[in-house]
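Hello,

Here is the structure I promised to pass on. Please have it open while you read; my notes follow below.

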Amino acid sequence: MTKDSATRAQEYTEQVEDADRQLKAMKMRAQQEEEQFSENEDIRSSVSSNSATDDLPTGILTLPYGTCGPERYENCFHRVKLMRSEIVVERGITRRLAECGKDIIPAICHDSKNYLLTDTIIDGLYGDRILNGLRAAGLQVHKIVVPADDLDETGESSGERFKTLKVFSDCVDQILENGIDKRSAIISLGGGVVNNIAGFISASLYRGINLIHISTTTMGQVDAAIDFKQAVNHHKGKNLLGAYHPAAKIILDPELLVSLSRRHILNGISESIKHAITQSQEMLDYIIENRGMMDDKDKIVDYLESIIRMTIAHKVPTLSGDTDDDYNEMLPQYGHAIGHAIEFLSLHMPESDRALLHGEAIAIGMCITAEVAYLLGVCSKEIVDKHYEVFEEMELPVFIPTYMSAETICNKMCYDKHYVKQPTMGLAIEIGEMYEKDGAYGHSIAPETLQEALRRNLRKRDDRN
């Protein structure tokens with residue numbers, strides 16, 4: 001083992017140990033809070049010894065309305081569970097499932113019925129290969145196929161239109177009718193949409209069963225599958241219905257990405273650029289300087305695998321960190337408050353001639369977020385210009401579509417999950433550094449600031465034309 005490999009192995013071990021320490025700390029905090037609850041003299045009052053509840057083993061009795069009022073019994077409970085997912089990046093692993101299938105699927109699932117969830121497009125490409133490979137490994141696996149558009153409003157193949165409660169419910173019906181148990185697993189085979197639907201199903205059935213992701217898109221391999229968040233859309237907005245639920249294993253085979261269109265490859269790279277802008281100048285330089293490798297069929301997988309590994313290395317610490325630290329929430333959401341609204345509108349406004357993919361809308365959202373940071377004096381004009389330059393070099397959009405207004409976008413943003421009276425978003429102060437104020441990385445943005453940032457983007461678009 002080389003020194004570099006040994007160092008990485010040590011860092012991985014330390015990361016696992018840190019997760020264990022966090023779990024112990026969470027348990028200790030919960031225990032302390034419970035003790036404080038039981039010992040809080042401020043809410044205790046003397047209660048008649050004739051009370052029928054005097055002999056209860058835990059809890060406290062109070063007289064909140066005085067001695068003439070009714071007595072109140074109070075108690076609390078807690079349970080701490082560590083969420084953990086293992087990521088495997090291995091070229092060609094999906095061609096070797098007959099050999100390694102039982103390593104991918106947790107041992108607890110080997111004797112249960114398991115379900116492979118995919119969509120109509122991916123099923124035609126890889127469905128039988130994956131299903132037969134898992135069955136050859138000795139696993140009981142049944143396939144469920146959800147709809148997808150060969151050509152949707154974006155002009156590309158997509159399942160976004162079917163990321164709904166209706167599809168979720170149809171899948172649940174099939175699974176329950178065919179039979180599962182607490183040790184069954186849902187195995188997603190697809191991009192972000194399939195990953196999310198499968199994740200929400202596994203979080204919901206029996207209040208949580210095993211989940212394994214086999215991601216087939218760049219977006220899935222750098223972002224959607226690498227998270228605890230599982231969700232489906234609502235007609236009011238994206239990802240409004242969901243749960244936090246970990247995948248036991250996340251399998252990423254870069255070879256699967258060669259079937260994607262260039263636009264879908266860039267769609268995922270947009271999320272990698274997000275991590276580069278907020279965490280690493282070095283990573284940003286690699287993505288930009290080596291983008292020509294996408295034009296070489298012998299080098300494109302090398303390029304994408306490097307980006308996948310770098311993105312995971314930067315994203316994992318934000319998922320493993322303290323949940324009380326809003327850095328870990330606001331960094332992955334950089335550009336998303338605005339981007340989600342633009343994406344949703346591009347799909348649903350009748351004037352739209354071609355809807356935006358998620359990464360495309362987020363690229364625009366990041367450019368406008370940089371405008372917000374500049375207006376607040378957080379970053380320089382050079383950093384704003386760098387946002388536009390990077391995304392244009394990577395063939396990603398930077399301007400609000402002509403059929404959208406600043407007002408329309410602002411109105412849709414009230415459905416963002418971080419919207420509390422005003423939009424809340426993270427801001428970049430430099431490439432590789434997020435802005436922090438008073439220990440917080442999420443910043444409430446005044447409507448007039450947001451509107452001016454949107455107008456600045458619109459003026460730049462119009463000046464360009």
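The buried residues of H13 pack against helix H7 (262–279), helix H8 (281–289), helix H12 (358–375), strand S12 (428–430) and helix H15 (447–464). This is a predicted model, where local features need pLDDT of at least 70, side-chain atom pairs count only at pLDDT 80 or more, and totals for chains, interfaces and linings use all residues. Residues are numbered from 1 along each chain as its sequence is written, and side-chain values use heavy atoms, with hydrogens and water left out.

Helices (H or I, at least four residues) and strands (E, at least two) are DSSP runs, numbered from the N terminus. Buried means under 20% relative accessible area, exposed over 50%, and partly exposed in between (1.4 Å probe, protein chains only). Contact means heavy atoms within 4.5 Å.

In H13, the buried residues are Ile383, Val384, His387, Tyr388, Val390 and Phe391. Down the axis of H13 they fall within an arc of 165° (taken from the directions from the helix axis to the C-beta atoms), so they line one face of the helix. After H13 comes Glu395, with a positive phi near 60°.

Two other residues may interest you. Thr449, in helix H15, counts as buried at 16% relative accessibility and touches Val372, Leu375 and Leu376, leaving aside residues up to four places away in sequence. Ile300, in helix H9 (residues 300–320), is buried too, with a relative accessible area of 13%.

Best wishes
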